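Take a look at the picture, then read on.

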Amino acid sequence: MEEVDKILIHALKQVGTEVSDEVNSVKQFTSELIVEAVVRCIRVIDPGLGGGLPTSLPPGMSARFRVGMSLAQACQDIGYKGEIGYQTFLYSNEPEIRSLLMFLVEKLPRESAETSDQPTGKSVVLQRSIAAAIKAQLSVPWLPPNCRLPLNCETQSPGELHRFHVQPLSLAHCTKGSGKKQLKEEKDYQRDVLPPVTAQPSHHASVMASILEQHTAELSAAQEWDNEWNSQGLLSRLTPQEYRSRKLTRLRKRIEEQLRSAALPSPESAFGGPCSTSDLSELLQAFRGSAPSDHILTKGTHFTHTQKFTFTQEDAPVTSPLPTGPQSESEIQLRQQEELTSLQQQFQQLCSDVDQLAADLKHMTVTNTQVLDEFKQRELGNSEKGEKMQVKKKTIGLLPEADENLLKLQAMVEASAKRVVNLAAQWEKHRAPLIDEHRRLKEICSNQDLESSRKLTEIKSLHDKIRVSTEEAKKKEEIYKQLVTELENLPQDASRSAYTQRILEIVGNIKKQKEEITKILSDTKELQKEINSLTGKLDRTFAVTDELVFKDAKKDESVRKSYKYLAALHENCNQLIQTIEDTGTILREIRDLEEQIETENGNKTVANLERILDDYKAIRQENSALAAKVREG
């Protein structure tokens with residue numbers, strides 16, 4: 001059973017059970033360890049069923065009994081057919097716990113079973129426990145703090161809730177493999193000046209939200225780049241660096257075009273020449289004309305505003321009463337409130353003036369656009385009329401010599417017709433080879449397109465294979481590092497040859513035991529056959545002897561006595577055989593009883609009885625304490 005126990009302990013460690021290195025068999029399992037192992041397995045098999053089960057026994061005996069009953073019911077719900085109850089966990093024995101753990105390990109999902117081939121380092125176990133805790137918390141519906149019961153405190157944190165407030169972070173990105181060389185000043189800034197990530201947000205509660213937002217933004221940017229490169233970048237037949245540079249150039253050109261269009265002169269300059277730079281100053285002067293220059297709002301520091309208020313008070317008329325003593329805070333606040341009200345009124349007046357000017361400017365712009373369109377239409381009409389006038393002028397000039405001009409026109413038309421026919425013949429001569437060349441080039445182009453599309457498909461598939469291979473390589477590299485770490489932590493005296501030799505010895509012993517069992521079974525069968533044949537021979541011999549002696553017994557008295565002795569001998573032999581069979585049965589029962597005694601001794605019956613008595617006393621004490629509380633209440 002040692003090998004079975006080692007396999008069980010290894011599987012329990014995989015699901016997150018904290019089994020110490022000193023525990024080597026199921027016999028050494030305590031009640032707390034049994035409860036934890038069973039709950040971990042149930043949570044992996046059925047998270048919804050095991051989410052509400054505790055991983056440790058409570059201090060009170062009544063609560064322990066309830067936990068034991070709930071665990072037994074959960075095991076029966078999973079499909080355990082053996083005898084199970086609260087005593088299985090509180091007063092356990094080795095065979096029952098071994099069979100229960102073997103059932104639970106066999107019930108583990110295939111994904112969990114496959115993880116037994118993976119490394120079992122502390123970091124891996126920690127990550128799996130974190131994932132299991134998060135999965136258990138997500139499976140339970142969220143409740144407000146005021147509506148939570150004591151049972152929900154284990155799955156839902158009772159701590160203070162914070163708002164998801166994000167602040168920008170400055171991270172020192174690694175430039176290895178990116179092709180960019182980091183500047184020395186940037187390295188010095190990141191090493192000496194840049195604070196750590198946990199100190200950059202103004203509130204400590206915003207650290208986790210800011211890190212999650214930063215990571216999500218970087219991940220989404222990387223995914224967008226991958227999608228853009230797979231959809232458009234591969235079609236451009238450029239390298240990633242060339243594609244990015246071309247995209248940056250296009251973006252710069254678009255920005256320049258937008259700036260040029262925004263910096264073009266207003267339509268009013270079409271009539272009055274280029275717009276001068278004094279338009280902006282005139283517009284500002286128009287804004288200033290709506291209010292005195294002393295009341296124009298300007299941005300300044302607190303010192304400039306204080307100076308302005310001081311100088312305003314000094315420039316006030318002398319007839320104003322001067323304060324004879326220190327002003328109270330209420331008077332200062334009242335005066336500040338009045339100043340704030342006057343400033344707000346001035347600001348609202350300026351805003352209304354700006355809106356009015358913007359509306360006027362928009363109206364003037366629309367009017368100017370309409371005038372420009374009308375001017376362009378008239379210019380087009382004038383040009384068309386000028387062309388018609390030139391044609392009519394030439395026609396009028398040809399009227400005095402109409403016959404000669406008609407003959408000249410006919411000669412020119414005939415010459416033009418001949419020239420057109422000649423050009424058509426020449427075009428036909430050049431057209432046929434050009435059409436052939438066009439068809440050939442078009443066919444070559446279509447073939448190249450097909451070839452390029454095929455190669456593009458192959459490139460996409462290769463990119464997908466490279467991405468999958470890269471992910472697999474990363475996973476295998478992590479597994480390799482964990483295996484190396486575990487190999488370094490393993491004792492040096494353990495070797496593969498020792499394990500192999502041990503396995504071969506076990507296989508050899510099993511073969512020997514199998515051969516001995518087969519030999520014993522064959523000997524038993526032969527012996528049973530021999531016994532059956534001798535019994536049959538004895539019965540036949542007795543029947544023949546009985547018949548012969550019985551015939552002679554009617555005639556001779558001595559033969560009659562011999563017949564009686566023969567019958568008594570046969571009966572005594574039967575009794576002797578029956579006694580031997582009964583003796584064998586009793587010996588087998590004795591062996592069975594001895595095995596049962598050994599099993600009961602292994603079940604720690606005496607220790608369990610003592611624990612039951614102690615628990616009974618503890619329950620009586622709890623009941624008496626509760627009764628006293630009830631009487632006091």
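How close do the axes of α1 and α6 come, and at roughly what angle do they cross? They come within 10 Å and cross at roughly 50°. (Axes are lines fitted to C-alpha atoms, for helices over the stretch in contact, and angles run from 0 to 180 degrees between N-to-C directions.)

Before going further, a word on where this comes from. This is a predicted model, where local features need pLDDT of at least 70 and side-chain atom pairs count only at pLDDT 80 or more, while totals for chains, interfaces and linings use all residues. Residues are numbered from 1 along each chain as its sequence is written, and side-chain values use heavy atoms, with hydrogens and water left out.

**The whole chain**

The chain has 19 helices and 0 strands. Both are DSSP runs numbered from the N terminus: helices are H or I with at least four residues, strands are E with at least two. Of its 633 residues, 15% count as buried, where buried means under 20% relative accessible area, exposed over 50%, and partly exposed in between (1.4 Å probe, protein chains only). Among contacts with a separation of 6 or more, 56% join residues 24 or more positions apart; contact means heavy atoms within 4.5 Å.

| Pair | Axis distance | Angle |
|---|---|---|
| α1 and α6 | within 10 Å | roughly 50° |
| α2 and α6 | within 9 Å | roughly 25° |
| α2 and α4 | 11 Å | about 40° |

Those angles get names: under 35 degrees is roughly parallel, over 145 roughly antiparallel, 65 to 115 roughly perpendicular, and the rest oblique. So α1 and α6 are oblique to each other, α2 and α6 are roughly parallel, and α2 is oblique to α4.

What about handedness? The crossing of α1 and α6 is left-handed, meaning that the near helix is turned anticlockwise from the far one by less than a right angle (clockwise would be right-handed). α2 also passes α6 in a left-handed crossing, and α2 passes α4 in a left-handed crossing too.

Now for the residues. Val4, Asp5, Leu8, Ala11 and Leu12 in α1 meet Arg98, Leu101, Met102 and Val105 in α6. That contact divides into 7 nonpolar, no polar and 2 charged residues. (Ala, Val, Leu, Ile, Met, Phe, Trp, Tyr, Cys and Pro count as nonpolar, Asp, Glu, Lys and Arg as charged, and the others, Gly among them, as polar.) Where α2 meets α6, the α2 side includes Ile34 and Ala37, and the α6 side includes Ile97 and Lys107. The residues there split into 9 nonpolar, no polar and 1 charged.

Thr17 sits in the loop between α1 and α2. Its relative accessible area is 5%, so Thr17 is buried. Leaving out residues up to four places away in sequence, Thr17 touches Leu12, Leu33, Glu36, Ala37 and Arg40.

Ser62 belongs to helix α4 and is partly exposed, at 36% relative accessibility. Ser62 and Ile619 are 557 residues apart in sequence, yet 7.1 Å apart in space, C-alpha to C-alpha.

Finally, look for α15, which covers residues 329-397. At 1.5 Å a residue, its 69 residues should span 102 Å, and its end C-alpha atoms are 100 Å apart, which agrees. (The expected span is 1.5 Å times one less than the number of residues.) The buried residues of α15 are Asp353, Asn368 and Leu372.
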